[in-house]
Amino acid sequence: MACLLETPIRMSVLSEVTASSRHYVDRLFDPDPQKVLQGVIDMKNAVIGNNKQKANLIVLGAVPRLLYLLQQETSSTELKTECAVVLGSLAMGTENNVKSLLDCHIIPALLQGLLSPDLKFIEACLRCLRTIFTSPVTPEELLYTDATVIPHLMALLSRSRYTQEYICQIFSHCCKGPDHQTVLFNHGAVQNIAHLLTSVSYKVRMQALKCFSVLAFENPQVSMTLVNVLVDGELLPQIFVKMLQRDKPIEMQLTSAKCLTYMCRAGAIRTDDNCIVLKTLPCLVRMCSKERLLEERVEGAETLAYLIEPDVELQRIASITDHLIAMLADYFKYPSSVSAITDIKRLDHDLKHAHELRQAAFKLYASLGANDEDIRKKIIETENMMDRIVTGLSESSVKVRLAAVRCLHSLSRSVQQLRTSFQDHAVWKPLMKVLQNAPDEILVVASSMLCNLLLEFSPSKEPILESGAVELLCGLTQSENPALRVNGIWALMNMAFQAEQKIKADILRSLSTEQLFRLLSDSDLNVLMKTLGLLRNLLSTRPHIDKIMSTHGKQIMQAVTLILEGEHNIEVKEQTLCILANIADGTTAKELIMTNDDILQKIKYYMGHSHVKLQLAAMFCISNLIWNDEEGSQERQDKLRDMGIVDILHKLSQSPDSNLCDKAKMALQQYLA
């Protein structure tokens, strides 16, 4: 019987909950406008800080009625304003609340409200729009659907400090990518927002600053404009520098530093400018100290990583500022059992977000170690650093894993570290595990790092080969992502360099000649170049050349012919001629060239080419074919003489290019010997 009673009990609880809220909704339908207004005001007071009440009112259909009243011409301005306030309060609840409001088409209704002459109503609509647009469930595109909205918002900026604050906040949240930046820029965002940086209201200054940071991000056009904007006789960069001084609130310091960082990265400010070296960089390093809140440390480290990423000098300066490398080690110990966090809510928040600190530290270490060997050494010698990176490779957060792989990739550029620390910690093991099953963004960096671990001087090369790397890399060459195809073939190219015959045979078997030729006709130039590099490495040392050409000669010659006939650049044709030169170095393989008149004519053509690189590569082919000490050299020399090769050699021996001249003379010696 208890089971039968369960459903009615639940229903009655639900009816009690909604019944207590129903009278609020019923009053919205009262024929007396005054009672409706009072009903909306009472509803406003009932929902403040009460998420349960907000959810109930949404379920009971309050939103469509409030939107109807807000849009009715017969509604008083006071009623419309109160409706906008209640809707804004409902939007401040859960993400589901915002979804319900969006489903009722709240945005067009509120945007329509902005056409009202009444400032209080406009402010209420903007406040509600601000709350909705700052929610992660709201698509930014909704702001740009109607082309008249942005210019109207620009015009409203001058109405009050509230319109300024809310509109700037809407812009900074809805500006995602170059298209949005262009729309805002073309409608005068820079000119309309610049003077707000000197507003008496801190909130307005702050929101204007945030606007500039999103407008300038990776945007040279906006950044170049910002550099020359004057506000009260002062240039914008100077205003940003003032805003990142130590006596300013941390939020303001950080956002100003971001503005200057983005302008610098977009090429509008030089990396050696004092405002970057003496102001922005030290400010961002300060943000990394353990005195700062978790989110400030994360933002500081990530912005600094972005600032110094392409510049060696900034990397060096940052590495010796305030013991930054050691300071970042604290990011992995937080929050520790002795953290001075007395606020339980803050501790709970930080425990949930501690992974963001690790991610930020990995990113900054990756930027710091991108170029300088001494900095890489310092990073690796920081307490338990390699262990921390290896642990990071298996974290549950994709973002942390990606940052750890990037950090490792940056450190793997060091020959010294590849031979020592990377071997001591058997880094290749967790890396191979990452490569088994990861999103493309991680695969791209991890496979790029694998290319470094497969260089011939790396002690990791042998164990990587034994752990099934050939199949894995051949699989990558079939990816739809060109970056993965490049890395797969690049790693195979490194693997084949000075390798044993068995490894080369494994590569050819796993890759298959069909796939090799697909890669040779790939639309991505990098893929084609690395595939030619792989072929060149496979076809090195005579026994290997002869062995491979005896089984794959026909197809390889066909591919070489196609490339030399195709519309390819100098580098591609040079690599292809070098492959031919390697084939010509084989004992039996060279016959595949000598019996192919088409190929011989092509070599002759490139000996007379206008580009020296191609002439030299063709010369190598000829030298290998006519070398005296080898069997059959006389017949080959005679055939090439009949083709007019000796005449071309005489001509090339007079070449102004000393290298080409020497090679031609050396080849002629073979005929005279």
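1. Contact here means heavy atoms within 4.5 Å. By that criterion, W428, L431, M432, V434 and L435 of helix α27 meet I442, L443, A446, S447, M449, L450 and L453 of helix α28. These residues comprise eleven nonpolar, one polar and no charged. The structure under review is a predicted model.

2. The geometry of this pair may be stated next. Helix α27 covers residues 428–436 and helix α28 covers residues 440–453; their axes come within 10 Å and cross at roughly 140°. The crossing of α27 past α28 is left-handed.

3. A second pair consists of helix α21 (residues 344–368) and helix α24 (residues 398–411), which pack with their axes 8 Å apart and at an angle of about 20°. Angles under 35 degrees count as roughly parallel, and α21 and α24 are therefore roughly parallel to each other. Here too the handedness is defined: α21 passes α24 in a left-handed crossing.

4. On the α21 side, the contact is made by H355, Q359, F362, K363, Y365 and A366, and on the α24 side by K399, V400, A403, A404, R406, C407 and S410. Sorted by class, the residues in this contact of α21 with α24 are seven nonpolar, three polar and three charged.

5. Which residues touch the most other members of the largest nonpolar core? They are F212, L368 and L580, in a core of 243 residues.

6. The surroundings of L580 can be listed individually. When residues up to four places away in sequence are not counted, L580 touches M557, V560, L564, I593, I599, I603 and C621.

Notes
Residues are numbered from 1 along each chain as its sequence is written. This is a predicted model: local features need pLDDT of at least 70, side-chain atom pairs count only at pLDDT 80 or more; totals for chains, interfaces and linings use all residues. Side-chain values use heavy atoms; hydrogens and water are left out. Axes are lines fitted to C-alpha atoms, for helices over the stretch in contact, and angles run from 0 to 180 degrees between N-to-C directions. Helices (H or I, at least four residues) and strands (E, at least two) are DSSP runs, numbered from the N terminus. Angles under 35 degrees count as roughly parallel, over 145 as roughly antiparallel, 65 to 115 as roughly perpendicular and the rest as oblique. A crossing is left-handed if the near helix is turned anticlockwise from the far one by less than a right angle, and right-handed if clockwise. Ala, Val, Leu, Ile, Met, Phe, Trp, Tyr, Cys and Pro count as nonpolar, Asp, Glu, Lys and Arg as charged, and the others, Gly among them, as polar. A nonpolar core is a set of buried Ala, Val, Leu, Ile, Met, Phe, Trp, Tyr and Cys residues joined through side-chain atoms within 4.5 Å. Buried means under 20% relative accessible area, exposed over 50%, partly exposed in between (1.4 Å probe, protein chains only).
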